[in-house]
Amino acid sequence: MDETQASGQPTLFRDRSFWGVAITQFLGAFNDNVFKQLVLLLALGINKDIVENDLQGWATFVFSLPFVLFSGFAGYLSDKWSKTPIIIASKVAEIVIMLLGALAFWFYDSWGMLGTWTVLFLMATQSTFFGPGKYGLLPELFRSSDLPRANGLILMSTFLAIIFGMTIAGKLLVSLTGDDVAGNANQLWIGSMVCMVIAVVGTLTSLMIRQTPPAQPQAKMSMDNFGLSKDMIALLRGDNPLLMALLVSCVFWMVASIAVPAVNSAGTKMLGLDAEATSLLGGMIAIGIMFGAPLGGFLCRKMPPHAAVTLGLWGIVICLGLLGMWQGQTLLLGLNATRIALLLLGISAAIYSIPLQVFLQDRPPDMLKGRMIATMNQANFLGMMIAGPMYQFFLWIGARMGWPVSSVFWMIGLMVLPIAIMYRMGGRKPSAER
C-alpha cells in the first residue's frame with residue numbers, strides 16, 4: 001500500500017484495526033508463553049542432574065517443528081485469501097487447543113509429556129497460520145512510514161505479554177504443584193482453562209481488524225506451498241540483501257531459542273531459584289525487548305538501519321559474554337547483575353530486530369509480502385528447531401568439560417560474533433523498483 005492510498009486512513013493510534021491487531025497479538029502471546037513455559041519447566045527437571053533430566057531442547061524442537069512444516073502453506077493462504085478471516089479462524093482454533101491443554105494436564109499422570117508436548121505442537125501449528133496473516137497484514141493496513149512505529153509497539157506489547165505469561169507460568173507451577181512438580185502436574189489444568197477464556201477474548205478482539213482484499217487471489221496451490229515456492233526462490237536469488245537478512249534472522253532466532261532454556265537452567269542450577277523466580281529471571285529479557293522495541297523503532301528512523309542492526313548485534317555479544325562467566329558452580333555476576341545483563345540483552349535484541357523485521361516486510365513486492373513473512377517464519381523456526389538439539393549438545397559439551405550451564409551463553413555468543421563483525425544490512429528498494 002503506497003502513501004497516496006493510505007492518505008485517507010486514520011492516524012495509527014486512532015485506527016481501530018491497529019488496536020485489534022495489537023490486543024489480539026498480546027493475548028495470543030500471553031497464552032503461548034504460559035503454556036510453553038509450563039512445559040519447559042516440567043521438561044527442565046528442577047534440582048536434578050542437568051544433562052540427564054533437562055529436556056528443554058527437545059520441547060523447543062517440538063514447538064518449532066510446525067512452523068517449519070506448515071509456514072509455506074500458511075503464507076500461500078495469507079496471499080490467496082484476505083488475511084483477516086485467517087486471523088479470526090486461527091483464534092477460534094486457539095480456544096480448542098487451550099481446552100486440549102487442560103485435558104493434557106488433567107491426565108498428566110497417565111499421558112506424561114506425550115500429552116503436553118502434543119498440545120505444544122498444536123499450539124505452534126495455530127501460531128504458524130496466525131503469523132503470516134498478522135505480520136503480512138501490517139503493510140496492507142498502515143502507511144510505510146507507520147510500519148516502524150507499528151512494529152515497535154506491537155513487539156513491545158508482545159514482550160509485555162511474554163513477561164506476564166512467563167511470570168504467571170512460574171506462579172502457577174509453584175502454587176499448584178508445590179514441591180512435587182511432576183507428581184502434581186495434573187493440577188495445572190486450572191491454568192489452561194484460564195488461557196481458554198483469554199483465547200475467547202482474543203477471538204472477539206480479532207473482529208476489530210478491518211478486512212483487506214487478497215494480495216494474490218489468482219495464486220494456485222502446488223507443492224511449492226509446502227516448502228520454499230518458486231516465486232520466493234526467484235526473489236531471493238535475485239535479491240542478495242534480502243537473502244542475507246533472512247539468514248541472519250534465522251541465526252538470531254536459533255541463538256534466542258538456546259538462550260531461553262539456558263536462563264531457566266542457570267536460574268535453578270546455578271542461582272538456586274524456584275520455578276517462579278526463574279520465570280521472572282527469564283522475563284528480564286522480555287522486559288528489555290519491551291523497552292528496546294520503541295527505541296529500535298526510533299533508531300530505525302533517526303539513523304541508517306544497518307547501523308542499528310550492528311549496534312544491537314554487538315550488544316548481544318557483550319551481554320552473552322558477561323552472562324557466561326562463572327565462579328565454581330555459580331554465575332559470577334550474581335543475581336542482580338545477571339538481571340541487568342539479561343535486561344540489556346533484551347534491549348540489544350530489540351534494537352537489532354526492529355530494522356531487520358521492517359526490511360523483510362517492506363522490501364518484497366506487494367504480491368509476495370505474505371509469502372515473504374511465511375518464509376521468514378519458516379527460516380526463523382528452522383533455526384529454533386535446530387536450537388533444540390543444539391542446546392542439548394551444548395549441555396553435553398559443558399558436562400564433558402566440567403563447565404556449568406552458563407558456558408552455553410559463551411557458546412552462543414561465539415555464534416553471533418562473526419555476524420556482528422561481518423554483516424551489514426542492505427537498503428530498502430525504492431517504490432519504483434517494486
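**Close-up views of a predicted model**

A search of the whole structure finds zero disulfides, a disulfide being a pair of cysteine sulfur atoms within 2.5 Å. This is a predicted model, in which local features need pLDDT of at least 70 and side-chain atom pairs count only at pLDDT 80 or more, while totals for chains, interfaces and linings use all residues. Residues are numbered from 1 along each chain as its sequence is written, and side-chain values use heavy atoms, with hydrogens and water left out.

**View 1. Helices H11 and H16.** The axes of H11 (residues 240-269) and H16 (residues 407-422) come within 10 Å and cross at roughly 165°, each axis being a line fitted to C-alpha atoms over the stretch in contact, with angles from 0 to 180 degrees between N-to-C directions. Helices are DSSP runs (H or I, at least four residues) numbered from the N terminus. H11 and H16 are therefore roughly antiparallel to each other, a term for angles over 145 degrees.

**View 2. Thr-338 in helix H14.** Thr-338 is found in H14, which spans residues 334-362, and counts as buried at 3% relative accessibility. Leaving aside residues up to four places away in sequence, Thr-338 touches Leu-281, Leu-323, Leu-331 and Leu-333, where contact means heavy atoms within 4.5 Å.

Note on methods: Helix = DSSP H or I, 4+ residues; strand = E, 2+ residues; numbered from the N terminus. Parallel < 35°, antiparallel > 145°, perpendicular 65-115°, else oblique. Buried < 20%, exposed > 50% of the residue type's maximum accessible area, 1.4 Å probe, protein only.
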